[in-house]
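Open the model in your viewer and keep the selection tool ready. We will go stop by stop.

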Amino acid sequence: MSRRALRRLRGEQRGQEGPGLGELGLDPGPERAREGGPPPAPGKGPRGPRRAGVSNRFELIPAEESEDEPAAGEERPDTRLSEQDTAGGHQEGSRDRSKEGAVTEGMDGDGQREAQEQPDQTLATSNKPRKKKKKRKTKKNSAGETVEDNDLEDIDSLLERIEDPRLAPQSQGGITPDSRPLLYVEHRNLNPENELKRYFGARAVLGDQRPRQRQRQYVRSMWLTAPKNTWPRYSKTGITMQLLDTRRGVQHFTFEHHREYQQVQFKFLDAVESMDPNNIVLLLQMNPYHVDSLLQLSDVCRMQEDQEMARDLIERALYSLECAFHPVFSLTSGTCRLDYRRPENRAFFLALFKHLMFLEKRGCPRTALEFCKLILSLDPENDPLCVLLLIDFLSLRAREYTFLTRLFQEWESHRNLSQLPNFAFSVPLAYFFLSQQEERPELERSQARERAARLVQLALIMFPSVLMPLLDHCSVQPDARVASHPFFGLNAQISQSPALNQLTSLYVGRTHALWKDPAVMAWLEPHVHEVLRMVEAQDALVQEAEHKRKIRYQSAPRNIYRHIILSEMKEATAALPLEVTSQPVMGFDPLPPLDSIVSYTRPERTSHPSNESTLSLFFRSLLPNFNLQGDIRHDGDDEAGAAQDLNQGVNRLMAAMRDMLANIQFQEPPRDDNPEGDGDWD
């Protein structure tokens, strides 16, 4: 390989030709000799006395590292150009380009050989910054090293200031301003592996997956979940997403079921009514990406303590739904809406909710918070799954205190978040944690302490029934004054409405672990005594809070019941009213809205009389066309006759079995004449 090809591969600069070096007033060196010029003096190598009078700070480069590089004198134009460019001189760059043009014109008469070397010179000119960076790394000048290290330190410090949210500009209220929407979702926070890598490192999370990824087949890249090699091959399921309309910058979408998917949905409803999970398994074998079947079977696996399979089925359902997304549908903008009243959209809400519950149990609260924000952004006004009862807990667990306080400040005016027990207690707890961060300014910490004290006192006045169950879950014994006072006693829990009891039980059962910190209990204790002082002084705030509790919280809306059922908190589930617990609840559609928007209906099935015996129902489960009373659908003479013969035969069979059961006699076991036994066992 020629030296010119080697220089091209290394990105090194060729020696300047005669006319260019003449104009620059530099000694061409050994490259001039190779190009046809006079050779250097004998005994003078490329590192000889030529550089004695050159003031170049890169002249001490080791010879073994730059064996094929030009001499030190040839580096002076680059050095001068870089220094002048750093000072902001763009005129020198244009002047050098004009000189290069002159050099090119002087080379026109040299023939084909010089014309072939012109692209090499252009390539070398474009590689100047890379060569300069390489030399700067290998220099030995101590003064130069000091300057370079300081420059690197300045760059690192700037990057740290950019990445560190604590060093960002702050508003007068001490809260860091954020220009992004409140419910903005980041794609990188939707991947639980990114959070696990921050906790345990990439080597511990990935393990042996890296070499396997090279051999895996191509799969479609997704944001919500990562496809697995163990999943069945994906094909179009018959689900699509359509854009309904756009109002005030908000886009409204909906999922749609094609005719083939509707037929599978009808089979799924038949399998659910059979109360046999094996029928759902058979249906999934034929349709491996039917969403409702995946959701229902996931609940069955979770009840059987197969958490891994349950989580895998939920991820497969999310994958199927994401493949049907509209090209305009965005997960991160916060301006895309789905109506929960449409049955086709409910599966996406439920799959996201169940997925975030698995993420929270897996130890990924930051990823679960991002999915919670995504659910809330799909319908923030109605909040069909009532994730507002969960988002505060995930924010505290993920240590996103600033997001929780910002949500409370922006939504309190139109959503009255302080009337929910979870926000009333979690927001002051977030301010307390902010006041404990020593890296924050003292002014901001003092403001956070004041807000935490004021809000926690208001929460204790508004919801006094939370304190004693919370201390009981934290295994903390209150002092005699608090335990004996009627304001926080048993009377506070008995006198509250059932709807408020469900909210307080849900909050205590979910977040009591966050209050076990001794520092938190030490902060809470003086505020409890301050509230007791206000109660004894008959403060106006106490009377107003009692009046609000009597008027509000008469009955809980349907979305709160739906959230309690999906959360499976035993403290809150036990407080559900009878009208909710008495009706069947399906995992694929718990408590459907009363004002549902139905796009297609299930075909009517044969109506059966309701006054059937248990034995008749047993035979109906074996023979769906069985009818004890002999009611026949007169669709045709032949079909009517066949159905009548079948029913008569089954009636005769039932009569025979009834006689057989009536004649069954159970014999008593033989009585032993010597009950005490003949002797002892050996």
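A residue counts as buried when its relative accessible area is under 20%. Keep that cut-off in mind for the first stop. Remember too that this is a predicted model.

**Stop 1: a proline in a loop.** Select P593. It sits in the loop between helix 30 (578-581) and helix 31 (614-622). Is P593 buried or exposed? Its relative accessibility is 15%, so P593 counts as buried. Now show what surrounds it. Beyond its neighbours within four places in sequence, P593 is in contact with Y340, R341, R346, R558 and R562. Take Y340 from that set. P593 and Y340 are 253 residues apart in sequence, yet their C-alpha atoms are 8.1 Å apart in space.

**Stop 2: the largest nonpolar core.** This core has 135 residues. Select L224, F348, L356, F423, F488 and W515, which touch the most other members. Next, colour helix 16 (residues 343-362), which gives the largest share of this core, 11 residues. Domain 1 (180-202 + 221-380) and domain 2 (387-556) each supply at least three residues.

Zoom in on F423. Setting aside neighbours within four places in sequence, F423 is in contact with L388, I391, L404, L407, F408, L417 and P428.

**Stop 3: two packed helices.** Select helix 20 (residues 421-435) and helix 25 (residues 498-511). They pack at an angle of about 35°, and their axes are 9 Å apart. Which residues make the contact? Helix 20 brings P421, N422, F425 and S426, while helix 25 brings L500, L503, T504 and Y507. Of these contact residues, 5 are nonpolar, 3 are polar and none is charged.

Conventions: Residues numbered from 1 in each chain as written. Predicted model: local features only at pLDDT ≥ 70, side-chain atom pairs only at ≥ 80, totals over all residues. Heavy atoms only, no water. Axes fitted to C-alpha atoms, helices over the stretch in contact; angles between N-to-C directions. Helix = DSSP H or I, 4+ residues; strand = E, 2+ residues; numbered from the N terminus. Contact = heavy atoms within 4.5 Å. Nonpolar A, V, L, I, M, F, W, Y, C, P; charged D, E, K, R; others polar. Core = buried A, V, L, I, M, F, W, Y, C linked by side-chain atoms within 4.5 Å. Buried < 20%, exposed > 50% of the residue type's maximum accessible area, 1.4 Å probe, protein only. Domains from an automatic or database assignment.
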